[in-house]
Structure formats: structure tokens, C-alpha cells
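Welcome to this short tour. Please open your viewer, and let us walk through the model together, one selection at a time.

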Amino acid sequence: MSDELCPAPPRAAGADLWEAIDALCGWLDAHRPADGPDAVLLRILKLSEEVGEVAQAVVGATGQNPRKGTTHTWEDVRSELCDVAVTALVALRTLTPDAREVFTRHLDAVTRRSLGT
């Protein structure tokens, strides 16, 4: 793990984030076992499961469970954090087709509030 909490990311080519989120949302819609309001609630609840997996990975990476020892790596933690981000964005997209704009406005507000810009 790096001493720097948020090192500058390398520039990488890849699929557009929101195109990928739209595609995942569509795929989930086509394969969901529940319909109606339950489908939306279950998609949002999936976020709690993913956050729990981050916690499990951190405990495993730090060896905090003496019965199990070190069971995960920091790469596992990073992967689980990505799952949380993707799950949250898919949940947001499920709630609104304007997810990109909603997220961008919110990120701008958080950035201004936190950085004073």
C-alpha cells in the first residue's frame, strides 16, 4: 500500500464510464429476478453487501482475524472498492436516466465545499 492516500492515477484508455454504467444497468434489468419497487430496493441494498466485502477484505489484508490470519491483499481491497463505486453508480442510474448529470452536479458541490473552489 502506498503512503500517499490518493496518488495521481495513470492515464488509461477505456470504455466511457457512463456508457459502461448504462450497459450494466440494462443487463441487470434484463436479468433481474424481481420487478417493480422491490427491484429498485434490492439494487440499492446490493451496495451494503459490497461495502461489507470491502470491510472483509481490509480485515483480511491486515490479518485482524487471528483465527484466519492474512486472507486478502490490498489489491483485493482496491477491487472491492471498485465494486462499491460501480454498484453505487448503477443504483443511481436505476433511479434516474440523468445519473451522469446528477453525479456531476453532486461531485462539483462536494468539491467546492471541500476544496473551496
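A helix here is a DSSP run of H or I that spans at least four residues, and helices are numbered from the N terminus. Keep in mind that the model you are looking at is predicted.

**Start with the whole chain.** Color it by secondary structure, and you will find four helices and zero strands. Read from the N terminus on, the elements run α-α-α-α. Now switch to coloring by confidence: the mean pLDDT is 90, and 87% of the residues reach 70 or more. Among the elements, helix α1 (residues 17-30) has the lowest confidence, with a mean of 94, while helix α3 (residues 74-95) has the highest, at 97.

**Next, show the surface.** The chain exposes about 8,700 Å², and carbon and sulfur atoms supply 60% of that area. Of the 117 residues, 18% are buried.

**Now look inside.** Select Trp18, Ile21, Leu89, Val90, Leu92 and Ala99, the six residues of the largest nonpolar core. Helices α1 and α3 are the elements that give two or more residues to this core, and α3 provides the largest share, three residues. Stay there and center on Leu89. Which residues does it touch, leaving aside those up to four places away in sequence? They are Leu17, Trp18, Ile21 and Phe103.

**Turn to the charged side chains.** The structure holds eight salt bridges, and we will visit a few.

Select Lys46 and Glu49, which form a salt bridge with their closest N and O atoms 2.9 Å apart. Both residues belong to helix α2 (residues 37-62), and because they are three residues apart, about one helical turn separates them. Lys46 is partly exposed, at 33% relative accessibility, and Glu49 is partly exposed too, at 40%.

Move on to helix α3, where Glu75 and Arg78 are also three residues apart, about one turn of the helix. Their side chains meet in a salt bridge of 2.8 Å, N to O. Glu75 has a relative accessible area of 46% and is partly exposed; Arg78, at 44%, is partly exposed as well.

**Finish at a network.** Select Asp29, Arg32, Asp35 and Arg43, which salt bridges link together. Zoom in on Asp35 and Arg32: their closest N and O atoms are 2.9 Å apart. Is Asp35 buried or exposed? Asp35 is exposed, with a relative accessible area of 57%, whereas Arg32 is partly exposed, at 36%.

Terms used. Residues are numbered from 1 along each chain as its sequence is written. This is a predicted model: local features need pLDDT of at least 70, side-chain atom pairs count only at pLDDT 80 or more; totals for chains, interfaces and linings use all residues. Side-chain values use heavy atoms; hydrogens and water are left out. pLDDT is the predictor's confidence in each residue, from 0 to 100. A nonpolar core is a set of buried Ala, Val, Leu, Ile, Met, Phe, Trp, Tyr and Cys residues joined through side-chain atoms within 4.5 Å. Buried means under 20% relative accessible area, exposed over 50%, partly exposed in between (1.4 Å probe, protein chains only). Contact means heavy atoms within 4.5 Å. Accessible areas come from the Shrake-Rupley method with a 1.4 Å probe; for residues, only the protein chains shown count as cover. A salt bridge is a side-chain nitrogen of Lys or Arg within 4 Å of a carboxyl oxygen of Asp or Glu.
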